[in-house]
Amino acid sequence: MRPEDAYAGLDALIARRGDALLATATLLAGSRPAGEDLLQAALERVMRHWRRIRDEPELYLRRTIYRLAVDQWRARRRRPEVLGKTEAELDTASQRAGHPDSTEAVHLRLALVQGLAQLPPRQRAVLVLRYWEQLSESEAADLLGCSLGTVKSSASRGLARLRDITAPWAAGDAPADMPLPKGARS
Amino acid sequence: MTRAIEDELATAMREQVAGLAPAPDVVARAVRRNRRRARIRLGASVTAAVGITALAVAITLPGAPTDAARASRPLPISPRARLLAAMTTSAQLSYRVHLVNRSVLPGHRMTRTARPRDLINWYADYTGVYDPRTRSGSGVNIRRNESGTLADPATYGQPGGYDQVRVIGNRYYTRFSLTASFRPGSSWTAGLGSLAQALDLNGGRDWAPTSGGSADPAVLLDTVRRLGQVRLTGRNGSGAQALDTYQFRDQIAGDASVQPHQLAGTIVVHHQSNLIARITMQTTVTGAQPQIADGGQLTFQTVLAFSDYGVTVSARAPAAVGTTAG
């Protein structure tokens with residue numbers, strides 16, 4: 001039996017849910033390469049406990065991705081790289097999503113994603129769980145293994161920080177020449 | 001801005017990750033890395049055993065002899081016997097130790113076109129004190145950034161975080177901080193084991209026990225006995241500054257995971273006081289079945305420098321422990 005065959009269930013899971021899992025890891029880690037690193041690290045963890053968890057691999061894998069993002073990534077101080085989509089790519093993405101937006105809206109979302117990547121890992125994880133995965137506060141607390149109060153305070157602080165960052169848009173004086181994220185092609 | 005920030009954030013996140021898909025071989029790569037990690041853990045058990053032996057060897061003979069007394073006393077039969085004598089007859093002294101432990105992927109290519117270079121994938125840098133009589137100690141570990149990542153190369157080797165460590169008997173306690181100062185009242189993690197487990201020597205990256213890392217003198221003595229070859233290679237300096245250098249080599253048998261390999265290193269001893277000054281050791285392992293796992297090599301390096309023999313050690317278990325390591 002090839003070594004990969006021992007984890008045939010994981011192959012099937014990645015084939016079925018790999019896109020969503022990589023998306024989550026990318027949002028948590030701050031860039032696609034770092035997200036791939038995070039997904040890879042989580043897969044390795046899952047393999048170590050495969051016999052015990054193979055009945056519910058997705059739950060365990062998702063939990064591991066989040067906990068690695070909060071704990072190990074913080075411990076190693078892998079500072080998130082800022083997501084590197086360009087304005088043009090964002091325009092394309094928003095058109096694909098069916099809502100072409102103004103340049104101002106595109107800039108606002110760039111600022112939000114930049115701000116998200118700069119948040120402390122737990123705040124970032126809570127916001128990804130709440131607004132990307134659309135989980136409730138108690139579901140997020142369960143997945144992160146922390147209290148409901150921690151989730152509430154992390155979400156509140158994270159959103160407050162993002163509001164600070166995007167205050168110019170709320171005030172109607174958004175910067176006309178917003179700097180692109182590090183690594184973005186102009 | 002007319003929409004709520006929560007809505008804008010959700011939209012921004014959806015747009016940022018639209019169209020992402022994992023590489024087709026992501027599981028296969030994880031399998032390979034998982035196997036490499038298994039080899040790291042095997043090497044860790046070997047190197048940790050010798051590393052902790054080194055800590056125990058750093059014990060002086062009672063009543064360090066004068067030059068005249070030394071001259072009139074017959075030398076031990078062999079260098080190994082001298083080290084064993086130091087182990088078995090020594091008075092137990094406290095000491096300060098600086099330990100640097102790294103695992104390295106030699107000549108590794110990050111991409112097909114990149115030039116091969118040594119990648120550090122584990123880097124611990126610990127300074128602390130330890131008293132074998134009370135089996136207690138404390139110190140701080142600097143987690144230096146690894147180079148086997150996608151991070152900015154300028155950050156490699158720079159401090160990436162700090163662990164405050166206490167070892168009390170057969171338990172250890174650690175807590176993490178991003179800076180060199182630790183917030184009073186921040187929570188500690190406890191676990192069973194010694195410094196080897198507390199520091200996860202050689203890249204044992206979770207809290208599973210690392211075999212061979214015992215602080216029990218009997219275990220350490222046994223490890224010294226098992227060292228294959230020890231020889232005195234020279235003396236540098238004179239008088240109180242004289243240092244004797246021993247070299248040791250030990251053949252480690254292969255198994256299903258790694259091929260047979262050699263552990264080698266040096267032990268530097270203060271000639272006059274018979275106290276250990278520095279120990280350096282290194283081993284390189286290769287997978288036993290490179291056709292299944294990857295065929296690369298892994299090198300484990302440990303350097304220990306000892307000083308301040310007799311230092312006061314007053315480490316105590318923390319009052320409040322937040323979590324217990326598995």
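This is a predicted model: local features need pLDDT of at least 70, side-chain atom pairs count only at pLDDT 80 or more; totals for chains, interfaces and linings use all residues.
Residues are numbered from 1 along each chain as its sequence is written, chains are lettered from A and ligands numbered from 1 in the order in which they are written, and side-chain values use heavy atoms, with hydrogens and water left out.

**Chain A overall**

I looked up the secondary structure and got ten helices and zero strands. Here helices (H or I, at least four residues) and strands (E, at least two) are DSSP runs, numbered from the N terminus. Chain A has 186 residues, and 50% of them count as buried. My cut-offs are under 20% relative accessible area for buried, over 50% for exposed, and partly exposed in between (1.4 Å probe, protein chains only). Chain A exposes about 8800 Å², with carbon and sulfur atoms supplying 47% of it; the areas come from the Shrake-Rupley method with a 1.4 Å probe, and for residues only the protein chains shown count as cover.

**α1 against α2**

Next I checked helix α1 (residues 8-29) of chain A and helix α2 (residues 32-48) of chain A; their axes come within 8 Å and cross at roughly 130°. Axes are lines fitted to C-alpha atoms, for helices over the stretch in contact, and angles run from 0 to 180 degrees between N-to-C directions. α1(A) and α2(A) are therefore oblique to each other. On that scale, under 35 degrees is roughly parallel, over 145 roughly antiparallel, 65 to 115 roughly perpendicular and the rest oblique.

Which residues of α1(A) and α2(A) meet? From α1(A) I listed A:Leu10, A:Ile14, A:Leu21, A:Leu22, A:Ala25, A:Thr26, A:Leu28 and A:Ala29. They meet A:Arg32, A:Ala34, A:Gly35, A:Glu36, A:Leu38, A:Leu39, A:Leu43, A:Val46 and A:Met47 in α2(A). By class, that contact has 13 nonpolar, two polar and two charged residues. Ala, Val, Leu, Ile, Met, Phe, Trp, Tyr, Cys and Pro count as nonpolar, Asp, Glu, Lys and Arg as charged, and the others, Gly among them, as polar.

**α7, and α9 across it**

I then went to helix α7 (residues 121-131) of chain A: nine of its eleven residues are buried, so α7 is largely enclosed by the rest of the structure. The buried residues include A:Arg124 and A:Gln123. The axes of α7(A) and helix α9 (residues 148-165) of chain A come within 8 Å and cross at roughly 95°. That makes α7(A) roughly perpendicular to α9(A). A:Tyr131 of α7(A) and A:Leu162 of α9(A) are among the residues making the contact. By class I noted seven nonpolar, four polar and two charged residues.

**Spots in chain B**

B:Arg135 has a phi near 50°, a positive value in a residue other than glycine. B:Arg135 lies in the loop between β2 (117-131) and β3 (136-144) of chain B, and is partly exposed at 34% relative accessible area.

B:Asp308 also turned up with a positive phi, about 50°, although it is not a glycine. I found B:Asp308 in the loop between β11 (297-307) and β12 (321-324) of chain B; at 42% relative accessibility, B:Asp308 counts as partly exposed.

Last, I looked at B:Thr245 in strand β8 (residues 243-252) of chain B. Is B:Thr245 buried or exposed? B:Thr245 is buried, with a relative accessible area of 16%. Leaving aside neighbours within four places in sequence, B:Thr245 has contacts including B:Leu232, B:Asn236 and B:Ile267.

Key: Contact means heavy atoms within 4.5 Å.
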